[in-house]
Amino acid sequence: MEVKLLFGCFVLATLCHLGDSCSCLPASIQKKYCDSDFVMKVRVKSTLQNPSGQQDFNDYYKIKILGSPWKFVDKKDVVDLKRVYTASNGAMCGVYLQKGKKYLISGSVGGDKMRINLCGSIVEKTRLSSSTKKLKSRPPNCAVISGPTKIRRARRTA
C-alpha cells in the first residue's frame with residue numbers, strides 16, 4: 001500500500017513539474033484585437049536581443065513600423081517605437097519572430113514598452129487571413145466582445 005502511495009506521489013509531482021509552461025485560453029482574433037493596446041504591421045530588424053543574459057521578460061526585437069498602426073492606445077507613453085518586448089522563451093509565453101520578416105503584431109503597452117506574448121497577441125506573417133484583414137477596415141465592436149471593463153478603459157484613455 002505504501003509503495004502505491006509513494007508511486008502516486010511521484011507521478012503527481014512529475015506531472016506538476018511538466019506543467020511549468022505557457023498555457024492560454026483560446027481567444028478569437030477579434031477578442032485579441034479588442035484587448036490589445038496596439039495593432040500594427042512591422043518588419044523585424046533584429047534577432048531576439050537579451051541584454052541581461054537571463055531568462056526574463058525584458059528581451060526585445062528591433063522593429064520598423066510599416067504604414068500607420070491599425071490601432072494604438074497610449075502611444076505617448078511608449079519611449080521607443082523601434083522595439084517590441086517579449087519573454088525570452090516560449091515556456092514564459094515569449095514570441096519568436098524571424099529577422100527580415102513582416103508581421104502583423106498586437107500587444108499591450110506596459111510602462112513605457114510595447115509588449116507581445118503568445119496568449120494575448122496577434123502574431124501573423126503578413127500574408128494575413130481574411131478575418132484579420134477585415135479588422136483594419138471594419139474593427140469589431142469591442143464593447144460587445146470585451147465587456148464593461150474595456151468600456152471603462154476606453155473612456156479613461158479617450
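A salt bridge is taken here as a side-chain nitrogen of Lys or Arg within 4 Å of a carboxyl oxygen of Asp or Glu. The exercises concern a predicted model, in which local features need pLDDT of at least 70 and side-chain atom pairs count only at pLDDT 80 or more, whereas totals for chains, interfaces and linings use all residues. Residues are numbered from 1 along each chain as its sequence is written, and side-chain values use heavy atoms, with hydrogens and water left out.

**Exercise 1. Locate the salt bridge of Asp35 and describe its setting.**

Step 1: The side chain of Asp35 meets that of Lys31 at 2.8 Å, N to O, and this is one of 2 salt bridges that the structure holds.

Step 2: Helices (H or I, at least four residues) and strands (E, at least two) are DSSP runs numbered from the N terminus. Because Asp35 and Lys31 are 4 residues apart in helix α2 (residues 29-35), about one helical turn separates them.

Step 3: Burial is judged by relative accessible area, with buried meaning under 20%, exposed over 50% and partly exposed in between (1.4 Å probe, protein chains only). On this scale Asp35 is partly exposed at 30%, and Lys31 is partly exposed at 31%.

**Exercise 2. Find the partner of Arg83 in a salt bridge, and the residue opposite Arg83 in the strand pairing.**

Step 1: Arg83 forms its salt bridge with Asp80, where the closest N and O atoms are 3.3 Å apart; Arg83 has a relative accessible area of 25% and Asp80 one of 28%, and each is partly exposed.

Step 2: Two strands pair if DSSP finds at least two bridges between them. Strand β3 (residues 83-86) runs antiparallel to β2, joined to it by 4 bridges, and within this pairing Lys62 stands opposite Arg83.

Step 3: β2 also pairs with β1, in the antiparallel sense and over 6 bridges, with Val42 opposite Ile65 in β2.

**Exercise 3. Trace the disulfides and state which parts of the chain each one links.**

Step 1: With a disulfide defined as a pair of cysteine sulfur atoms within 2.5 Å, the structure holds 3 of them.

Step 2: Cys22 is joined to Cys93 at an S to S distance of 1.9 Å. Cys22 lies in the loop between α1 (2-18) and α2 and Cys93 in the loop between β3 and β4, so the pair ties together parts that are 71 residues apart in sequence.

Step 3: Cys24 is joined to Cys119, also with S to S 1.9 Å, and this pair links the loop between α1 and α2 to the loop between β5 (113-115) and β6 (123-125), 95 residues apart.

Step 4: Cys34 and Cys142 have sulfur atoms 2.2 Å apart, and because the torsion about their S-S bond is about -80 degrees, the disulfide is left-handed. Cys34 lies in helix α2 and Cys142 in helix α4 (residues 142-146), 108 residues apart.

Step 5: Numbered in sequence order, the bonded cysteines pair as 1-4, 2-5, 3-6.

**Exercise 4. Identify the main contributors to the largest nonpolar core.**

Step 1: A nonpolar core is a set of buried Ala, Val, Leu, Ile, Met, Phe, Trp, Tyr and Cys residues joined through side-chain atoms within 4.5 Å. The largest one has 16 residues, of which Phe38, Val84, Ile105 and Met114 touch the most other members.

Step 2: Two or more residues come from each of β1 (38-44), β2 (59-72) and β4 (102-110), and β1 gives the largest share, with 4 residues.
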